[in-house]
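The following paragraphs lead the reader through a structure, beginning with the packing of helices and passing on to charged pairs and individual residues. Please keep the sequence and the model in view while reading.

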Amino acid sequence: MFSVEFLCVTLPLIGAIIGQAMGRSRLLSAGIISSCVFCSAVLSWYLFLTLQQRYSVGVMPWFQIGDMAIAWSICIDKLSAIMLVVVTTVSLMVHLYSIGYMSGDSGGIRFLAYLSVFTFFMMVLVTSGNFVQLFFGWEGVGLCSYLLIGFWFKKDAANRSAMKAFVVNRVGDLFFLCGMLAIFYVFRSLSFDEIFEQISNGEGFGTVSVLGYQTQIVSIACILLFLGCMGKSAQLGLHTWLPDAMEGPTPASALIHAATMVTAGVFLIARCSPIFELSQAALDVVLVIGLATCLVAALVAIVQEDIKKIIAYSTCSQLGYMFVACGTANYHLAIFHLATHALFKSLLFLAAGNVIHSNAGEQRITHMSKNCWRDIPLTYALMWIGSLSLMGVFPFAGLMLKVFHNPSTKRISSIHESSGIMLFPLLVLAVGAVVSGMLLKSFWGITGSEFWGGSLKVHAHEDIGLLLSLLPAILGVAGALLYLAYHNRLRVIAFPDKLARLVHTNSHDLSGRCRPKVIDYFLLGGITEAVSTCARYSVKVQSGRAFDYALVMLSGVATTLLVVYGFDTVILLMILIPALGSCLAAFSRGAMSRAVGPARGCHAGSVLSSLVPMFFMIGFWGHGDKVGAAFKFLIYTATASVGFLAAVACIDAVANATSSSFDDTAVGLATNVHFHWQVYFWILCFIVFAVKLPVVPCHTWLPSAHVQAPTAGSVLLAGLLIKLGGYGLLRFCIQMLPTASAHFAKFVICLSAVSLIYASLTAFAQRNMKMLVAYSSVAHMSFVAAGMFSLNEAGMLGRTGTMEMSECSGLASKMPRLSAMIVFFSMASAGIPGMVLSAAYMLRLCKEVVWGSAPAGSGKFDDINIGEFAILAALAILVLVLGVFPAPLLTMLKPAVEHLLVPLHKLQPSWG
Amino acid sequence: MSVSTAAYLARRAAQKERVQILYRRALRDTLTWAVHRHLFYQDASNLREKFDANKHVEDLDAIDRMIAEGEAQYNKWRHPDPYIVPWAPGGSKFTRNPTPPSGIEIVYNYGREDND
C-alpha cells in the first residue's frame, strides 16, 4: 500500500495536516509543508523518468453497487506522469514563493496548508483510473479553490468571489455528473480501462432520439463531459468566475487559476480521448467553444487594467487554444501546451505578484509607480521571458510589459525588488519557460506517438509547410504595424509616410462615420437594447413570492403527468392533493385559533407516542410562538398518523394475510385486492409519509417547528423524526404495494424534484439559520448530513444566543474551531441534492455566518472547548469515512435493500 | 424675506449641491476612464466646459431638467469597474489579514482594564 506512487500522492496531504497541527511554530510548519511537497515533486520526477508502460496501483476498495465496483487506485501512465510533474513542480515553486509573499500575513500557514491540500486533490484527479475517483479530485480542487479565493475571509469581495467560483463550477460539475451517468449508461462501467477496451473491440453504441433527431448517446455523453470541463476550465459561458477569482492571493492564482486546476478540463478530454474520438459532433463543439473563448478572452484582456485580470483573461484565452487542439483531435499538443503554459503562466503570475508587492498592493497598471522597471529590473526581465513565452516567440515557450512603462506621474519611493525566496522560484520557472518547450519536443519527443505509449489518442501529422507555420508570426507583425499606423507612429519605424497617412485617415473614417452609426447604434446598441427589453419583461415573472414559483413548478408536474399518464389520472391527483392540503391547513388554523388546551394535546399525543416528546419539547422548552408551533407540528403529523392507522387497518382487513409481517401482507394484497384498491391504499400511505418526510406541499409544519424548538428538539427533528417518513415510504409503499409504487414511480420522482428545487430556493432566501437548515432538511434526504447539521446547530445556539445570520457574522475570527466545523459540515451537506442549489444556500450560510468581519460588540462569543470540538471532530471523521470508505455500510445494507426490491424486480418489464 | 424668495433660494441651493456632486462624480469617473494622464486632462477640461456653458441659466425648471439629463448621462456612462485605492473600502488590500506591527496590540476590554 505504501508504494512510491501512494507516497507521491499523499505526501502533500500529510504535510498539510502536520504543518497545520504545528501552527505555533511558523518556520517549522512552513518547512514541513514545503518539504513534503518537495518530496512529492522528486517522486513525481522519478515516476516520470522511470516509467516504461502504463500500470495501476490499487489502494483499497471504495464501494460496490450492483455489478459496478469502484476502487481507490493510482493509475500511472505518460499522461498522468507528465501531469504529476507539472503539478508538483509548479506547486513547489508556489509554496516557496508563498513563504515570502505571505510572511506578513497572520494566516500564512493556513494558506500553505490549503495549497498542499489542493496539490493532493489535483494529484488524485490526474492519477485516477475511473470517473468516480476523478470526480472526487475534481470536487476537491473546487473546494480548495473556494477556500483559497476566500482566504482573506474578512474581505466581502473575496467571499463573494469564492462563492461565485464554487457555484459556477457546480453548474459545470452537474453536467459532468450527467456525463458520467451517460457514460455508464453506454458502457455499463466507469473504469477507464474497461471503457477503452470496449471501444477498442469496436462495439457499437446506440442512438437516442433528441427533439426528433437520432443522436449517438456517446455524443451526448461527450458534450455533457465537455460542459463540465467548460466550468472548470473557464470557457466562454462559464468563464465569469475566473476574473473574480483574482480576489485571492496571487500565489493561489498562480497555482490554481493558471497552472493546474483550470487545466483539469483539458486533462479530462485528453484522458477521455478514445471516447471523444467516437463523436465528431462533440469534437466540433469543443473546437467552436475553444475558438470563441480564445478570441473573446483575448479581446477582453486588452481593455483590462487590473494586472491580475489581464493574466486571468489571458489564461482563459490560452485554455481556449488547448481546447482548439483537443477539438482538432490533437490531444497530445493540448497537453504539450498545457505543460509549457503552466510554467510561463505561473511565472507571469508570480512576477505580477512581485510587481504588486513592490507597488504597495496597487493592481491597476495605470496607477503603478512611474517606470518602475528601473527599480525592479530582475522582475522586469522575468516578465519579459514570460510574455515572450506567452506570445510563442522562438525559443520561448504580452501585454504585461506596459506595466513597467506606464506614464503615471505617481512615483512610489519605497519600491524595491522582492526577497530571495520570492525570486528563486521565478528564476526556476523562467528557465522552465525557456527550455521546457525544446526539452519536451526534442529530448522527450512529446509530439510523437511513441512518447505517449497509448495513454491518449495521437494522430499522425502531415507537414503543413513553411508558410503556414510562419503565418501566425506574419499576422502578428502585421497587426502590430496596423496598430502603430492607427496611432500615426509609423514614421518612427521608417514606414512609408503616405501609406501611414492613408491608413490613419481611413481608420479615422471608420471610427468617425461608420462605427457610431452602424456598429455602435445598430449592432452593439441594438443587441444591448434587445437584451435589456427582454430582461425588463422577463423580470416581471420573478415576483419573489414562493407561492408563484410553486404554482409554476406544479404546473410543470401537471404537464409532465399529462404527457406520461394521460388526462384522467392528472385530474384525480391534482384535485386530491390540494384538497387534502387545504383540509389540513384549515384544520390546523382552526385548532390553533382556539388555543387548544394541553389536555386535548395530551390525548392526541398518547395515541401517537413518537410525537409526544417532540410536542412537549417544542411547547415547553421552545421559544417565540412555541405553543403555535407545537400544535401545528402535532396537528400535521398526528393527522398523518391517524390516516396511517386507518390505512394499516384497511390493509389488514382486506389483505387476508397469513401473518402480520410485511412480506405476507404484500402477498395478501397482491393476490386478494384489486389493483384499483391498491392504488387508493398507496395514495393514502404516500400522503401520510409525504407529511412526515416532509415533501412539498405538506412541509409547512417543519420550518416553524424547527425554529421554535429548542436545539435538542431540532437535532431529533432533523436527524431522526423526519427520517421516519422515508423509512415508512420504503416499508409500506414499496414493500407492501410494489405494483402501485411502480405505477406512481414517475409521479414521485417529479414531485421530489419539485420539492428539492422549491425547498432549495426557499432555503437560499432565508435569513434565519435554523430556517435555512429546516428547508435544507426538506431538500435533503440524507440522514447523516441532516444529523450532522443539527449537531452543528446545537453548538451555535448555545454560543451565540441568536439564529439570525446577520447578527453573528465573522465567526471565523472569533470562534475558529466551531467555524471550521460549520464549513466542513456545510461542504458535506452541499454534496449531491440539487448540486448547484445546495452549494448556493450552504455557501451563503458560510458567507453570512463564518466569513466576513465580526460586527462591533460581538466579543461575547466563546469558542467551543476541546471536548465539544472532539465530538464534532468525531462526527466529521464519520462523515469522511462514510464518504471515502462506505463499503462496510453498503455491504450491511445490501441484503435488506435487495429483499425490499425483489417485488419490484419482478415487475420491472412493466414499469421500467 | 418672503416665503416665495425663501423657497426660491432653497431650491437654488439644492440645485447647486446636485450640480457639485454630479461634477465631482463625473470628474472622478473621467479619471477612471482615461488610461493616460494626458487624456484625462483633455477630458477633464471638456467636462468643465460642458458645465460652464450653462452656468448662466436662471430658469429653475430648465436647470432641473439639465441636471436630470446630466445625471442620466452620468449613470449611462459610469465606469463598470471604478478605480479604488488599495487600502480604501473595496480596494484590493482592504480588510486583509496583516499581522499588526510590533508594539500595537488589541485591547479587548477597553475602558475596564482596572477591573481585571
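**Helix packing in chain A**

Helices α10(A) and α15(A) are roughly antiparallel to each other, a term for angles over 145 degrees, where under 35 counts as roughly parallel, 65 to 115 as roughly perpendicular and the rest as oblique. The model is a predicted one, in which local features need pLDDT of at least 70, side-chain atom pairs count only at pLDDT 80 or more, and totals for chains, interfaces and linings use all residues. Residues are numbered from 1 along each chain as its sequence is written, chains are lettered from A and ligands numbered from 1 in the order in which they are written, and side-chain values use heavy atoms, with hydrogens and water left out.

Two packed helices are described by the angle between their axes and the distance between the axes. For helix α10 (residues 250–259) of chain A and α15(A), the axes come within 9 Å and cross at roughly 160°. Axes here are lines fitted to C-alpha atoms, for helices over the stretch in contact, and angles run from 0 to 180 degrees between N-to-C directions. Helices (H or I, at least four residues) and strands (E, at least two) are DSSP runs, numbered from the N terminus. The crossing of α10(A) and α15(A) is right-handed; a crossing has this hand if the near helix is turned clockwise from the far one by less than a right angle, and is left-handed if anticlockwise.

Which residues bring the two helices together? On the α10(A) side they are T250(A), P251(A), S253(A), A254(A), H257(A), A258(A) and A259(A), and these meet H341(A), A342(A), K345(A), S346(A), F349(A), L350(A), G353(A) and I356(A) in α15(A), where contact means heavy atoms within 4.5 Å. By class, this contact of α10(A) with α15(A) has eight nonpolar, six polar and one charged residues. In this division Ala, Val, Leu, Ile, Met, Phe, Trp, Tyr, Cys and Pro count as nonpolar, Asp, Glu, Lys and Arg as charged, and the others, Gly among them, as polar.

Helix α15 (residues 331–358) of chain A also meets helix α11 (residues 264–271) of chain A, with axes that come within 10 Å and cross at roughly 155°. That angle makes α11(A) roughly antiparallel to α15(A). The crossing of α11(A) and α15(A) is left-handed. V266(A), F267(A), I269(A) and A270(A) of α11(A) make the contact with Y331(A), A334(A), I335(A) and L338(A) of α15(A). By class, the contact of α11(A) with α15(A) has eight nonpolar, no polar and no charged residues.

The loop between α14 and α15 of chain A holds A329(A). This residue has a positive phi of about 65° although it is not a glycine. A329(A) counts as buried at 10% relative accessibility; buried means under 20% relative accessible area, exposed over 50%, and partly exposed in between (1.4 Å probe, protein chains only). R188(A), in the loop between α6 (156–187) and α7 of chain A, likewise has a positive phi, near 55°, in a residue other than glycine. R188(A) is exposed, with a relative accessible area of 56%.

**Salt bridges**

Side chains of opposite charge can pair when their charged atoms come close. Over all chains, the count comes to 15 salt bridges, each being a side-chain nitrogen of Lys or Arg within 4 Å of a carboxyl oxygen of Asp or Glu. One of them joins the side chains of R54(A) and D193(A) (2.8 Å, N to O). R54(A) lies in the loop between α2 (26–50) and β1 (55–65) of chain A and D193(A) in helix α7 (residues 192–200) of chain A, so the pair ties together parts that are 139 residues apart in sequence. R54(A) is partly exposed at 30%, and D193(A) is partly exposed at 40%.

Another salt bridge is formed by E305(A) and R364(A) (2.7 Å, N to O). E305(A) is in the loop between α13 (280–302) and α14 (307–327) of chain A and R364(A) in the loop between α15 and α16 (377–391) of chain A, 59 residues apart. E305(A) is buried at 12% relative accessibility, and R364(A) is buried at 8%.

**Chain B**

Chain B has three helices and zero strands. Of its 116 residues, 21% are buried. In this chain, R11(B), R18(B), D61(B), D64(B) and E71(B) are linked in a network of salt bridges.
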